Amino acid sequence: MKKSLLVLTTLALGISLAACGKNDNSNNASNNGASSSAPASAAISGAFSAAGSTALQPLVDQASKKFMDLNKDVTITVNGGGSGAGLSQVSEGTVQIGNSDVFAEEKLKDADADKAKELVDHQVAVVSIAAVANKDVGVDNLTKAQLVDIFTNKVTNWKDVGGKDEKIVLVNRPASSGTRATFENFALGAKSEDLPDSITEDASGTVRKLISETPGAIGYLALSYLDDTIQALKYEGVEPTAENVASGTYPVWAYEHMYTKGEPDGALKAFLDYMLSDDIQGTDVKDLGYIPVSDMKVTRDVQGNVTNK
């Protein structure tokens, strides 16, 4: 009888230990195993606006739509208006992102210098600007000196730079335009005047349309706006291509900045991080004619000095 009781006690103890061991192993797998589900992250939500550079607008617009598809509770509004307007608006707090082709210090200076110091720079790409002309002018290359003569009205006919006997029609950008500032700084080497007979238009899409439809027209556009309706002009014999920009061979380029007033957080930070992710840098940036900052072999500071990386 005692022997039977001892056997039963031993069996019960073994079953109990086995059950405990099974439960411990199960808990360890739940805590450490790859199959365990991670806690869901908090959903991103919020609404904000971006405005400014029309050269950067196609990229921000496309990226914002992708971001909103991934985050249904986020609303992003993207507008143009020019770099100067974008910087002023983000400084005033009427938008949360100011898109600009130029450093804030270049636009917000003198009495507004303190406003520039409040802004945080997020460089999301490099933009290159090309001189562009109506396809029928008979020219595909201009030197720096020829461009200066054209944009200062010293040369007014295409025949004087190797083209047709046709009057040159200037399509310029307003003084607030970052695209204009980049073109003046790195193609002309000096500021140009607003000439009486020139056409002034801020929207890049409209500039392209005007040049394509106006005989003798010349202007300048970001590479993201180039297509077969206009003639992109070489600069000193160098084609305006992403490869030539990245190597430092083609000099007419600038960083694309997305400025915030102070450090961003929440949905705003998430979107700016997304702009620098592989999802955007590896696809949209290149597809739309911009250059990823990481591809650049050279850098440029606010004074315009270029150095090798």
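**Pockets, a cavity and helix contacts in a predicted model**

The second largest pocket is lined by Ile150, Asn153, Val155, Thr156, Lys167, Ile168, Val169, Leu170, Leu195, Pro196, Asp197 and Ser198. A pocket is an open set of points on a 1 Å grid over the protein atoms alone, with protein on both sides within 12 Å along at least five of seven lines, and lining residues have an atom within 4 Å of a point. The structure is a predicted model, in which local features need pLDDT of at least 70 and side-chain atom pairs count only at pLDDT 80 or more, while totals for chains, interfaces and linings use all residues. Residues are numbered from 1 along each chain as its sequence is written, and side-chain values use heavy atoms, with hydrogens and water left out.

The volume of the second largest pocket is about 160 Å³, a volume being the space filled by probe spheres set on the points, with grid points joined across faces, edges and corners. Its lining comprises seven nonpolar, three polar and two charged residues. In this classification Ala, Val, Leu, Ile, Met, Phe, Trp, Tyr, Cys and Pro count as nonpolar, Asp, Glu, Lys and Arg as charged, and the others, Gly among them, as polar.

The largest pocket has about 270 Å³ of volume. Among the residues that line the largest pocket are Val102, Glu106, Lys107, Arg180, Glu184 and Asp194. By class, this lining has seven charged, three nonpolar and two polar residues. Helix 4 (104-107) and helix 7 each contribute at least two lining residues, and the largest share, four residues, comes from helix 7. Helices (H or I, at least four residues) and strands (E, at least two) are DSSP runs, numbered from the N terminus.

One cavity of 30 Å³ or more is counted, a cavity being a set of points where a 1.4 Å probe fits but cannot get out. The largest cavity holds about 40 Å³ of space. Its lining has nine nonpolar residues, no polar and one charged. Helix 7 (178-188) and strand 10 (234-235) each supply at least two residues of this lining. Among the lining residues are Leu147, Phe183, Ala187, Lys234 and Tyr235.

The axes of helix 6 (residues 144-151) and helix 7 come within 10 Å and cross at roughly 135°. Axes are lines fitted to C-alpha atoms, for helices over the stretch in contact, and angles run from 0 to 180 degrees between N-to-C directions. Helix 6 and helix 7 are therefore oblique to each other; angles under 35 degrees count as roughly parallel, over 145 as roughly antiparallel, 65 to 115 as roughly perpendicular and the rest as oblique. Lys144, Leu147, Val148 and Phe151 of helix 6 meet Phe183, Ala187 and Leu188 of helix 7, contact meaning heavy atoms within 4.5 Å.

The whole structure contains 11 salt bridges (a side-chain nitrogen of Lys or Arg within 4 Å of a carboxyl oxygen of Asp or Glu). In one of them, Asp284 pairs with Lys66, with the closest N and O atoms 2.8 Å apart. Asp284 lies in helix 11 (residues 278-287) and Lys66 in helix 2 (residues 57-70), so this pair ties together parts that are 218 residues apart in sequence.
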